[in-house]
Amino acid sequence: MTASLPRQASPPDEPPRPPEDRGHKIRRRALTLLIIVLLIGVPAGYLMISANQSRNSGRDKEAKYSATGLTPGWPSRVQRRLYQVPIPGYSAEVAYYETNNWKTSRLYVQFLTSDEGLEKFLVTIGTSLDALEKDDIVISARDRRVVGWEFTGPGPWSGLNHERKNPTPTHHIVVDWAKPGHPMVYVVSRTTP
């Protein structure tokens, strides 16, 4: 036995409606079906497109952040300030790479500058040209592997460790003097949160 719903009676002053013809019934059902499809299908389609774009964006970010090696260009101002790497404004061949983990964060930077630019850079971070030790490659083999630095050129080379207490970054700096008046500077700035 099926339950039936009571029908609302027509107002007494209205004439009774004629029975619905087959064409009108088909149009009404088609319109109802179209409305249902639009109410369900459009949002579902939008969600599928949005999810696909979000997934692709995640893949792009993953590829960007899983890349290893130096990125040509300047680190952001925030990175330069956080790691205290004040690259002289007229430097060339600037490239950088940042690594982070729960224990240590590092910014690897290289740039070609002038003798004056190198001196200004060293003074700004709190050291001087006199602190550079001849033939002292202070950047570890591990750090060199991360960015692909090989200090095997003719040089002459010099380097310095600028150790400071946490949370102030520590700098490991190697300078290649192969181009007179235009030293190539390699810096690993390490900070421990």
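Figure 1. Along the sequence, the elements of the protein chain follow the pattern α-β-α-β-β-α-β-α-β-β-β. The chain holds four helices and seven strands, where helices (H or I, at least four residues) and strands (E, at least two) are DSSP runs numbered from the N terminus. This is a predicted model, in which local features need pLDDT of at least 70 and side-chain atom pairs count only at pLDDT 80 or more, while totals for chains, interfaces and linings use all residues. Residues are numbered from 1 along each chain as its sequence is written, and side-chain values use heavy atoms, with hydrogens and water left out. Of the 193 residues in the protein chain, 31% are buried; buried means under 20% relative accessible area, exposed over 50%, and partly exposed in between (1.4 Å probe, protein chains only). The accessible surface of the protein chain is about 13,700 Å², and carbon and sulfur atoms account for 57% of that surface. Accessible areas come from the Shrake-Rupley method with a 1.4 Å probe; for residues, only the protein chains shown count as cover. Among contacts with a separation of 6 or more, 53% are between residues 24 or more positions apart, a contact being heavy atoms within 4.5 Å.

**Figure 2. Salt-bridge network of R106, R142 and D143.** A salt bridge is a side-chain nitrogen of Lys or Arg within 4 Å of a carboxyl oxygen of Asp or Glu, and a search of the whole structure finds three. R142 pairs with D143, with the closest N and O atoms 2.6 Å apart. R106 also pairs with D143, the closest N and O atoms being 3.4 Å apart. R106 lies in strand β3 and D143 in helix α4, so this pair ties together parts that are 37 residues apart in sequence. D143 is buried at 5% relative accessibility, and R106 is buried at 14%, whereas R142 is partly exposed at 39%.

**Figure 3. Salt bridge between E93 and K179.** The closest N and O atoms of E93 and K179 are 3.9 Å apart. The pair links distant parts of the chain, 86 residues apart: E93 is in strand β2, and K179 is in the loop between β6 (170-176) and β7 (184-191). E93 is partly exposed, at 46% relative accessibility; K179 is partly exposed as well, at 45%.

Figure 4. Patches are made of residues with over 30% relative accessible area and no salt bridge; like charges are joined within 9 Å, and nonpolar side chains (Val, Leu, Ile, Met, Phe, Trp, Tyr) within 5 Å. L31, L34, I35, I36, L38, L39, I40 and V42 make a nonpolar patch of about 790 Å². One of these residues, L34, belongs to helix α1 (residues 22-66) and is partly exposed, with a relative accessible area of 47%. The negative patch consists of D115, E116, E119 and D130. Lys and Arg count as positive and Asp and Glu as negative, without His and the chain ends; the place of a charge is NZ of Lys, CZ of Arg, CG of Asp or CD of Glu. E119 sits in helix α3 (residues 115-125) and is partly exposed at 41% relative accessibility.

Figure 5. Most residues other than glycine have a negative phi, and most peptide bonds are trans. The bond joining G155 and P156 is cis, with omega about 5°, and P156 lies in the loop between α4 (141-147) and β5 (157-162). Q84 has a positive phi, near 50°; this residue is in the loop between α2 (77-82) and β2 (92-100) and is partly exposed at 32% relative accessible area. D135 also has a positive phi, near 55°. The loop between β4 (133-134) and α4 holds D135, which is exposed at 56%.

Figure 6. T113, in the loop between β3 (105-112) and α3, is buried with a relative accessible area of 3%. Beyond neighbours within four places in sequence, its contacts are P88, Y90, S91, L118, G181, H182, P183 and V185. Q79 in helix α2 is buried at 13%. L129, in the loop between α3 and β4, is partly exposed at 33% relative accessibility. Not counting residues up to four places away, L129 touches L118, E119, L122 and W177.
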